[in-house]
Amino acid sequence: MRSFYCQCGGTLFFASVQCVACNRPTAMCPHCNAVRSMAVADDGVLVCDHCDRECRMCSNATQHAVCNCGVDASTEQTLCRYCRLNSVVPDLTVGDNLLKWQRLEMAKHRVLFDIERIGLPIVSEADSGLADDRPALQFEFKSSAIKPVSTGHADGVITIDIAEADSVHREQTRVEFGEPQRTLVGHFRHELGHYYWQLLVEPNSLDAFRSLFGDERKPSYADAQKRYYADGATPNWQGRCISAYATMHPWEDFAETFASYMDIVAVVETARHFDRTRVTADGTDFNQMLTAYRDIGIVANEFNRDMGLLDLVPEIHSEAIVEKLQFIDNLRQAAQKELV
Ligand SMILES: [Zn+2]
Ligand SMILES: [Zn+2]
Ligand SMILES: [Zn+2]
Ligand SMILES: [Zn+2]
């Protein structure tokens, strides 16, 4: 993620709510689409120091401190465009649910910001309707403390078990399932992969998808899932799939590869912003982006090992995996063209 600048010259970050140098309030300006310092007018309206346009804080920011986005003051909206996508939020009268929600929103905002940046469409409930029968994206944050919740995607609705925001639970699950990484941003990227399969692959690119990832009808998802949990990953998966979990079914292979593509975009974009590479993640050259990611990965892995942390870039890109990543890059190119 890039960083931003306050009017005082201080550095602001994606989640900043105040400049630590001059204490000025900051927010994601809906007009600049960047984090900016803000002047506060008498009526509580914020005026962006950069573009001079007005916004109000998202009500999830003022009431729960789970967001730092501004909402265009000329609209009736109270929630920002990311918070409007929530259909179920955690019960805040329970334990540390507020803390969990804050972590979830932080990850969700970050991932959606990147999704928009690379030009993938986000269909909201307001767009979806008679004129637009594409599935609207929604988020449900549910607690498995009440009844079992499975994190997953169905018809545009992404459900997340809020226990995933508990780092002890997440690490236990990571070890149990033998995953090299398990993070909140990773969950959002993976589930969004399922959403974009339905939105972009199913209507237009099924044949190309099947020739690379396999036929999603045979075996059925339910049969594939049973087999995976009984027997584990298919042997020697490393050259064919990005992760063990991806071997379960072509849908999971796609979602895991999509998540990996989003990792690549995020890391290369960050490196470019901080002048660590000249390559951009804007979709102009897929092969250059992948090479830059590998080069950065070698250095970042050593930094992480220096600090006793897990590898930043654990995966190996065989030719078959590169082809799958390229397929996702092609979807992105097509989506970008449609937006223009
Ligand atoms: Zn400042
Ligand atoms: Zn602005
Ligand atoms: Zn918000
Ligand atoms: Zn999945």
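## A tour from the zinc site to the strands

Start by selecting His190 and Glu252: both residues are buried. What you have open is a predicted model, so treat this as a walk through computed coordinates.

**Stop 1: the metal.** Which atoms hold the zinc ion (ligand 4)? The coordinating atoms are NE2 of His190, NE2 of His194 and OE of Glu252, at 2.0 to 2.1 Å. Along the chain, these donors follow the spacing H-x3-H-x57-E. His190 sits in helix H4 (residues 184–204) and Glu252 in helix H7 (residues 250–273), so colour both helices to see how the pair links distant parts of the chain, 62 residues apart.

**Stop 2: the annotated span.** Next, select residues 4–93. An unreviewed UniProt entry annotates this stretch as "domain: Zinc-ribbon".

**Stop 3: strand E9.** Now move to residues 138–142, which form strand E9. Is E9 mostly covered or mostly open? Mostly covered: 4 of its 5 residues are buried.

- Strand E8 (residues 86–88) pairs with E9 in the parallel sense over 2 bridges. Pick Val88 and you will find Glu140 of E9 standing opposite.
- Strand E11 (residues 157–161) also runs parallel to E9, joined by 5 bridges. Here, select Phe141 and look across to Ile160 in E11, its bridge partner.

How values were computed
Residues numbered from 1 in each chain as written. Chains lettered and ligands numbered in written order. Predicted model: local features only at pLDDT ≥ 70, side-chain atom pairs only at ≥ 80, totals over all residues. Heavy atoms only, no water. Donors = N, O, S within 2.8 Å, 3.2 Å for Na, K, Ca; no water. Buried < 20%, exposed > 50% of the residue type's maximum accessible area, 1.4 Å probe, protein only. UniProt positions renumbered as here; feature names shortened; annotations may be inferred. Pairing = 2+ DSSP bridges.
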